[in-house]
Amino acid sequence: MPEALSTAVPALEAEQILALMPDPVLVVREDDGGQEIAYANLAAREVLRVPASGAPVSAALRQPVVLEAVDEVLAGAPAREVAFESIGVQPRFWRAFIRSLGRPGELLVVLRDETDARRTERMRADFLANASHELRTPLASLAGFVETLRTHAKDDPDARDRFLGIMAEQAGRMSRLIGDLLSLSRIELNEHVPPGGVVDLAQVVSDVVDASRPLVAERGVSVEVSAPAGLPTVAGDRDQLVQVAQNLIDNAAKYSPPGQAVRITLQAAPTADAAREPTRPDAVGLSLLSPDLSDPAGYVVMRVEDRGRGIARQHLPRLSERFYRVEGQKSGGTGLGLAIVKHVVNRHRGGIFVESAEGSGAAFTVYLPVAG
Ligand code: ADP
C-alpha cells in the first residue's frame, strides 16, 4: 500500500477498501484456462450476480464491446473506456473503465452507473426542444402578420387593427412564457436551499386576490376566501408563495365558466395526512407532491377550488410536468404554472394534492410546514 494510504487508514487492507466502494470493481485474470474473474467487490457481485471469484468473464460482462475492450487491454493496451446499456426490466446505462494492472494477464474493470446523468441530460434536451417549440409558435404567427401587414393588409385599416390586436396577444404570450421560464430556472437554482423567511399565508392570499381582480372580473367569476383568525405563519419565501397562490387562483378563474365562484380556504392541519384529507367524495384525488419530513409542528393548508370543467383522471399525474396541458383547452397559458408551483412547494418541503371530477371542477391543495 502507498505510504500515505497506509498512514491514513492503517487498519484497512486494499481489498477492504475495494469492498466498500459503491461502484462495481472486478479484477480479471487470464491464463490457459481462459479469462476469469479473480476478484469481484460487493457492488460487482450484486450488480453482475457473480461470486467473489471464479466466474468466467464472458458470463459477468456479457456486452461484446466490453469483452472486446478487455481483450485489447489483455493484449497490451494500457486502458480502454466503453459505454454500454444493460438490458433488463429497467435498462441502465454504464461506463466501463478497463485498466491494465501492470502485470501480464491481469486487469481492473470499474463500472460506473450513468443512468441518472443520462436521464437528466435527456430531460434537459427535451426541455430545450419544448421551450424552443413553444416560443417558435407565437414567433411564426408574429412574422406571418408582419408580412400580411406589409402586403395584403397594407391599405385595409380594419384588418390592420385586427392583426395588430392578435400580434399584441402573441407578443404577450411570448413574454409570459419567457417570464415563466426565467422564474422556473431561478426557483430550481435554489431549490435545495430552505427558504429563510416567515410568511403569513392569509396575507399572501389576500394580496393575490386583490391583484387578480381584473382577470377575475373579466372572466365574470367571483372569489370567496375563508381563513380562520390566528392562522400560524409558515417558513417561506414570500415572493415564491405569491407565485404559488397566483398560479392556482389564475388557473381556477381561467378554467371556470362565467358566473361561478372560486373558493379559497385556509386552515391549519396537524399532519400531512390531515392536510390532504379528501374534501370531495365525487372526485378522484392524487398527491402531486408529498413532503419527506417526518411531521413538523403542523401545516398551513391552502385549498383553491373551482366549479369549472375539471380534469379527467388520466391527466392528473402529469399536471405538474413542464408544458403539460390538457388537450383541447385553449387557455393561452404557458403550461408552466403548475411546474412552478411544484418546485416552490418542494423547496418549502410541503405537499400538493389535487382532486377533480371531470365536469364538476378541481381543487388544488397546497400545504406548507408551520414556521419554527
Ligand atoms: P397553464 O398555463 O396552461 O394553465 P398550468 O401548468 O398552470 O399551465 O396547468 C397545466 C394544465 O392543467 C392546464 O393547461 C390545464 O389543462 C390544467 N389545469 C390546471 N388547473 C386547472 C383547473 N383549475 N381546472 C381545469 N384544468 C386545469
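In the predicted model, strand β4 (residues 92-100) and strand β5 (residues 106-113) run antiparallel and are joined by 7 bridges. Within this pairing, isoleucine 98 stands opposite valine 109 of β5. Both strands belong to an open sheet of 5 strands, arranged in the order β2-β1-β5-β4-β3 with antiparallel pairing. The edges of this sheet are formed by β2 (34-40) and β3 (79-86), each of which pairs on one side only, and the twist from one strand to the next averages 25°. Helix α5 (residues 64-74) lies across β1 (25-31), β2, β3, β4 and β5, and its course makes an angle of about 165° with β3.

A further open sheet comprises 6 strands in the order β7-β9-β11-β13-β12-β10, and here the pairing is mixed. Its edge strands are β7 (222-226) and β10 (284-289), each pairing on one side only, while neighbouring strands are turned against each other by 15° on average when direction is ignored. Within this sheet, strand β11 (residues 299-305) pairs with strand β13 (residues 362-369) in the antiparallel sense over 7 bridges, and valine 301 has tyrosine 367 of β13 as its bridge partner. Helix α10 (residues 238-254) lies across β9 (261-269), β11 and β13, running at about 25° to β11.

At the level of the whole chain, the domain assignment gives domain 1 (3-113), domain 2 (117-189) and domain 3 (198-369). Between domain 1 and domain 2, the C-alpha centres are 51 Å apart.

Definitions and conventions: Residues are numbered from 1 along each chain as its sequence is written. This is a predicted model: local features need pLDDT of at least 70, side-chain atom pairs count only at pLDDT 80 or more; totals for chains, interfaces and linings use all residues. Side-chain values use heavy atoms; hydrogens and water are left out. Two strands pair if DSSP finds at least two bridges between them. Helices (H or I, at least four residues) and strands (E, at least two) are DSSP runs, numbered from the N terminus. Axes are lines fitted to C-alpha atoms, for helices over the stretch in contact, and angles run from 0 to 180 degrees between N-to-C directions. Contact means heavy atoms within 4.5 Å. Domain bounds come from an automatic or database domain assignment.
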